[in-house]
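Visitor: Can you walk me through this one? I'll ask as I go.
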Amino acid sequence: MYLHLPFCRDRCTYCSFVTTRDESLQPATVTRLVAQVHSWGDALDHPKLDTLYLGGGTPSLLSLNELTALSNSVHEAFDLSPLTEATLEANPGTVDLAWLQGARALGWDRISLGVQTLDDELLGRLGRIHDGAVALEALGLARRAGFERRSGDLMVGIPGQDLSRVLADARRMLATGLEHISIYLLDLDKNCPLKADVDAGRLTLPSEDDVATVFEALQVELPRLGLPPYEISNYARPGSESRHNSRYWERRPYLGIGPSAASHLGDFRWTEEGNIPAWADGRAGVELQELDAAEALSEIPLLGLRLHRGVDWGALRALARSNNLLPLVDSWEVQLAPFERGGLILREGPIMRLSERGMLLSNGLLSTFV
Ligand code: SF4
């Protein structure tokens, strides 16, 4: 289950998530989240949850009382006996030791910190509310509070950022003993302030070649520092992979609650409306999509090839055969042949997976399944 807390102390200059600085909406939103957790738990007859993720926004803006209410609602409405992971997202500029210890005591055992970079000038450009020292301190505080599974976000493609800076940041983050790193490519939404600066020529984005060089260097450096990749953009010490996010790539069911949260159960996907006041008042709508058999089949390689371990292509063909969709798989194989000849796709028995170079060039390759 994913819970979305759509509040931030300040708005980052590149952000396109559903989030607001209007904290007057927070109490009603938390109350509604609690009510929705109960309502879904009842509707689904208190199902088992094996992973839980509280994202945003900035969940670390919740008071410990609010976090307790939300945590209790999940415990009351769902069966957490198989729970293997409960992740909190946090902004390094909003956490202290007491809050982290309180969250840990409530059962949250993994934390994902939005570090992005340790360069104060770049952090200012991104509109982040913390500097590099605070981000490093937050990683240490999380460890002291008992979080043994910590993840840090590292952003690539920031105007003014170069390869040596990214590598230095990765090394300093890992020197804290960090267990997991997620790499994000700066993606500018058309309405964000940073896009306006780039369009006006005040800032220049690194070239595609420069960004590719950074990704390539991280593919070498992060495993050397003890974090092999397990997904296109995610690296972890063995055993510290994100179990929750792996569910998305494995196409297993998930329930999302909160403004803009997405869910996938059976053949259905739905996304809750992102209008925060309407969501808090219970007036928000839902966009529902029913997947047909071809769409459902396409998602298996589209998501599964992101994973380092790849996709069981033999099983995929068998599934396609039972749904009369073998011609679709045959057409994919024709389109993928050049990628395979170019060494971007590897076959090992029934397993198809991307090579390291395939991971770098995955966008073009994965568009085969869209
Ligand atoms: S902290 Fe995260 S969600 Fe909030 S504005 Fe910044 S990028 Fe967006």
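**Ligand shell and fold**

Guide: By class, the shell around the ligand has 4 nonpolar, 6 polar and 1 charged residues. Here Ala, Val, Leu, Ile, Met, Phe, Trp, Tyr, Cys and Pro count as nonpolar, Asp, Glu, Lys and Arg as charged, and the others, Gly among them, as polar. A caution on the source: this is a predicted model, where local features need pLDDT of at least 70, side-chain atom pairs count only at pLDDT 80 or more, and totals for chains, interfaces and linings use all residues. Residues are numbered from 1 along each chain as its sequence is written.

Visitor: Which residues are around the ligand?
Guide: Cys8, Arg11, Cys12, Cys15, Phe17, Thr19, Gly56, Gly57, Thr58, Asn91 and Gly114. A residue is near a molecule or strand if its C-beta atom, placed from the backbone, lies within 6 Å of it.

Visitor: What joins Gly56 and Gly57?
Guide: A cis peptide bond, with omega about 20 degrees. Gly57 sits in the loop between strand 2 (51–56) and helix 2 (64–77). Helices (H or I, at least four residues) and strands (E, at least two) are DSSP runs, numbered from the N terminus.

Visitor: Back up to the fold. What is the strand order in the open sheet?
Guide: It has 9 strands in the order 7-8-6-5-4-3-2-1-9, with mixed pairing. Two strands pair if DSSP finds at least two bridges between them.

Visitor: Which are the edge strands?
Guide: Strand 7 and strand 9 (256–257), each pairing on one side only. Strand 9 runs parallel to strand 1 (residues 2–5), joined by 2 bridges. There, Tyr2 has Gly256 as its bridge partner.

Visitor: And strand 5, why is it largely enclosed?
Guide: Because 7 of the 8 residues of strand 5 (residues 149–156) are buried, the rest of the structure largely encloses it. Buried means 20 or more other C-beta atoms within 10 Å of a residue's own; exposed means 12 or fewer, and partly exposed is in between, with C-beta atoms placed from the backbone.

Visitor: What does strand 5 pair with?
Guide: Strand 4 (residues 110–116) runs parallel to strand 5, with 5 bridges between them. Ile111 stands opposite Arg150 there. Strand 6 (residues 180–185) is also parallel to strand 5, over 6 bridges. Ser151 has His180 in strand 6 as its bridge partner.

Visitor: What do strand 5, helix 6 and strand 6 make?
Guide: A right-handed β-α-β unit, with helix 6 covering residues 163–174. Right-handed means that, with the strands pointing away from the viewer, the path from the first strand over the helix to the second runs clockwise.

Visitor: New topic. What domains does the assignment give?
Guide: Domain 1 (2–249) and domain 2 (293–370). Those bounds come from an automatic or database domain assignment. The C-alpha centres of the two domains lie 29 Å apart.

Visitor: How many residues are in contact across them?
Guide: 10 residues of domain 1 are in contact with 9 residues of domain 2. Contact means that the C-beta atoms, placed from the backbone, lie within 7 Å. On the domain 1 side, helix 8 (208–224), strand 7 (229–231) and helix 9 (243–249) each supply at least two residues. Helix 8 gives the largest share, 4 residues. By class, that side has 7 nonpolar, 1 polar and 2 charged residues.

Visitor: Why does His46 count as partly exposed?
Guide: Because His46 has 13 C-beta neighbours inside 10 Å. Arg251 counts as partly exposed too, with 14.

Note on methods: Two residues are in contact if their C-beta atoms, placed from the backbone, lie within 7 Å.
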